[in-house]
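Here is a short note for a colleague who is new to this entry. Please read it alongside the structure.

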Amino acid sequence: MINVGIIGGSGYTGVELLRLLLPRTDVSIRFVSSRAHAGTRVDEQFTSLRGHCDLEFSDPATINQAECDLVFFATPNGTAMHQAPALLEAGVKVVDLSADYRIKDIGTWERWYGLTHTSPAWVERAVYGLPEINREAIRSADLVANPGCYPTTVQLGFLPLLEAGLVDTKSLIADAKSGVSGAGRAASVPTLLAEASDNFKAYGVSGHRHLPEIEQGLTFMSDSPIDLTFTPHLLPIIRGIHATLYAPLKSGVSASEEELQALFESRFKSEPFVDVLPSGVYPETRSVKGSNTVRLSVLKPQGRNTVVVLAVEDNLVKGAAGQAVQNMNLMMGMEETEGLQGLPLLP
Ligand SMILES: NC(=O)c1ccc[n+]([C@@H]2O[C@H](COP(=O)([O-])OP(=O)(O)OC[C@H]3O[C@@H](n4cnc5c(N)ncnc54)[C@H](OP(=O)(O)O)[C@@H]3O)[C@@H](O)[C@H]2O)c1
């Protein structure tokens, strides 16, 4: 049995962590924090948890966090960088769902996030928590920087093509769409029902914070410099990301759709949470809703030169809390898939 805590338990990734962790008999949740709801029962805020959770929200300032083996930070960017170091120094492992420890170059992080980083030494020690590329390092990590939601789909979609050196890394395109829960639970005009439903639009086209994270990851997979055009869109759904990725084959390289299919199947055959669909079947967001799976298709339309990858995930599961639990399992020497084998919810 391990003891865990959740800082930021009243948000969407926090309640998703609770949904995944509460049924487990090998994990005890010692605290769930919320400053706004401190002293109230968690199941008053989230009636979905009634009968499964006797905890009250605590103010993070009053909690003895060091009694935990591992603490999740499900907090806005710029929070964990202040609070995680003391825990880490007390021997507590940390999985940070925010972007505080994802980007190795501090100047790049500070430029994109508009903050001064307060614990750069821990950025250096943090392991980027994408198990499909970093599994062994995650097992022995004290601090895991859980990837962003878009970066998970986009990196996994490009991964086999970059590792095999097949595509022109200066001409990559990620055209990606997310449901509104990706913006978190705090009230904001763009995520109001009357704004987001029955509507579809791009945002952050001139520069989204996930761009440097994705480019850093793709650079790690490839021996050539990366140039990615990344355009995010807001979908009128609650959960789900759909990314359509475009990568032209390098000049002089030929690969048939059958060869690309075989490459993807072979790269992910041992991955418990990546499903390569049969040739000709396209992924849909509802096929992964509530599950920790990324589903992918690889195509070469009309036999032309551009490889197209379609990738879907649930932004709150493989894009956030599910991947965080997968990382916890690895860090704590547990079975990687423990608690993550629930089936998607459909329709
Ligand atoms: N939503 C997604 O799909 C998604 C996917 C991947 C990664 N992420 C990342 O995961 C993190 C959490 O996202 P979310 O969507 O769950 O956000 P959210 O719904 O806005 O929840 C944020 C939580 O953090 C707490 N909090 C805010 N400021 C705090 C502070 N200074 N100290 C301690 N607690 C604080 C809030 O509670 P109180 O204010 O009451 O304390 C709340 O419980 C973010 O960094 C986000 O970028 C989100």
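This is a predicted model: local features need pLDDT of at least 70, side-chain atom pairs count only at pLDDT 80 or more; totals for chains, interfaces and linings use all residues.

1. Residues are numbered from 1 along each chain as its sequence is written, and side-chain values use heavy atoms, with hydrogens and water left out.

2. The chain holds eleven helices and 14 strands. These are DSSP runs, numbered from the N terminus: helices are H or I with at least four residues, strands E with at least two.

3. The C-alpha trace spans about 60 × 45 × 40 Å along its principal axes. Of the 347 residues, 55% count as buried (under 20% relative accessible area, with a 1.4 Å probe and protein chains only).

4. Take contacts (heavy atoms within 4.5 Å) between residues at least 6 apart in sequence. Of these, 70% join residues at least 24 apart.

5. Now Lys93. It lies in strand E5, residues 93–96. Is Lys93 buried or exposed? Lys93 counts as buried because its relative accessibility is 18%.

6. What does Lys93 touch, leaving out residues up to four places away in sequence? The list is Asp69, Leu70, Val71, Ala141, Asp142, Met331 and Met332. With Ala141, the side chain of Lys93 reaches the backbone oxygen at 3.3 Å.

7. Tyr150 is 57 residues from Lys93 along the chain. Their C-alpha atoms are separated by 25 Å.

How values were computed:
Buried means under 20% relative accessible area, exposed over 50%, partly exposed in between (1.4 Å probe, protein chains only). A polar contact is a pair of N or O atoms within 3.5 Å; within protein, one must be able to donate a hydrogen and the other to accept it, and residues adjacent in sequence count only if both atoms are side-chain atoms.
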